[in-house]
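Good morning, and thank you for coming.

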Amino acid sequence: MHRIAVVGAGAVGLSTAVQIQKLLPSVSLTIIADKFTTETTSSGAAGIFNPTLGKTPGVPVSVLRTWLQDSWHHYHELVHSSDAGQAGVQMLSGFRFVNNPEKNHLEADCVYQYLPLGERQLDMFPGDRYKYGWFVTTVTVESTKYLPYLMKQFQSKGGHILKRKLSSLEELVGQYDVVVNCTGLGSMDLLGDEKLVPNRGHLIKVKAPWLKHFVYTGDDYTCYIIPGHDVVTIGGTRTSYDIDMKIRPEDSQKILANACKVVPSLKNAEILWEWIGLRPHREPLRVEKDILYFSSGTLQVVHNYGHGAEGISLSWGTGKHAAHLVQEVINLCNRSLARL
């Protein structure tokens, strides 16, 4: 029996592990991580399917489209299944207000609805007046439910869990036939990957059950309000090479002020908590096979990391890609053994 390890237990790692189980049901599969579910960067994500080319530079558009279509198909099936509530996946409509007239084709080609706004609709909300807008119907994924849902799926099919912090992937030489690296920013230390950039995000979670539509404003989406199953996410900030994990009161005030300018009723919303996370941005996002050479031996590796702010939109698609790469490695291993 082949032994496979997935290192990392965020949305990318769990999605990859579940899909390896589907593709290779006879292997022994272990998830190794020092952080799980609510401890991971994925747990704080706003979780809306909102892909943009600018947040995933360096990836061929054809490859990106395949990843997105695979992810969308997965969420579409979930949102129409009996597991939707348990998985934290729901259909959601809302508004995007911008000054750039260009359509986001990556998103438009996937989501249920992507319609231009007319002049009257552009005046629906107070605050700054934007020249263009779109009414979009997409899906949101509540990570605090979705990650445990994936973990439950993984364990129900015989998957193993190992809580462990690795200082080097060399520690896994001789223990596993293939290691799938889904460590996000952890690859800075594990691999010395200088292409990885920490991108600090600050979100505020509030109780506002009267809000039923999401709102994005600005070409760079610096203000967004996204209702979820249980909470509303207000954002946000995006600063590169910033690793400060403390809440900055000035950022909190700015996020709330921007949101209240668009939706004044948020002034009365109860603040539940604030989230600071470091998104693992890499140009390009890395999904590929690799062989690592150590003094103790070689290690067959499949990398799947560097999703930045697109973890929810891309995780299932890149996980499927990575699972097929693992299958290629296993098939090659089997052919080599057959020749002996």
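**Strand β11 and its neighbours**

Strand β10 (residues 223-227) and β11 run antiparallel and are joined by four bridges. Strands here are DSSP runs of E of at least two residues, helices are runs of H or I of at least four residues, and both are numbered from the N terminus. Two strands pair if DSSP finds at least two bridges between them.

This is a predicted model, in which local features need pLDDT of at least 70 and side-chain atom pairs count only at pLDDT 80 or more, while totals for chains, interfaces and linings use all residues. Residues are numbered from 1 along each chain as its sequence is written, and side-chain values use heavy atoms, without hydrogens and water.

β10 and β11 form a hairpin, with four residues between them. Within this pair, Ile225 stands opposite Ile234 of β11. Strand β8 (residues 196-207) also runs antiparallel to β11, again with four bridges; here Leu203 has Gly235 as its bridge partner.

Which way do the residues of β11 point? Val232 and Ile234 point one way from the strand (residues 232-235), and Thr233 and Gly235 the other way. In a regular strand the side chains alternate between the two faces of the sheet. All four of these β11 residues are buried, meaning under 20% relative accessible area with a 1.4 Å probe, counting protein chains only.

Turning to the whole protein, there are nine helices and 14 strands. Buried residues make up 54% of its 340 residues. Its C-alpha trace spans about 75 × 40 × 35 Å along the principal axes.

Notes:
Buried means under 20% relative accessible area, exposed over 50%, partly exposed in between (1.4 Å probe, protein chains only).
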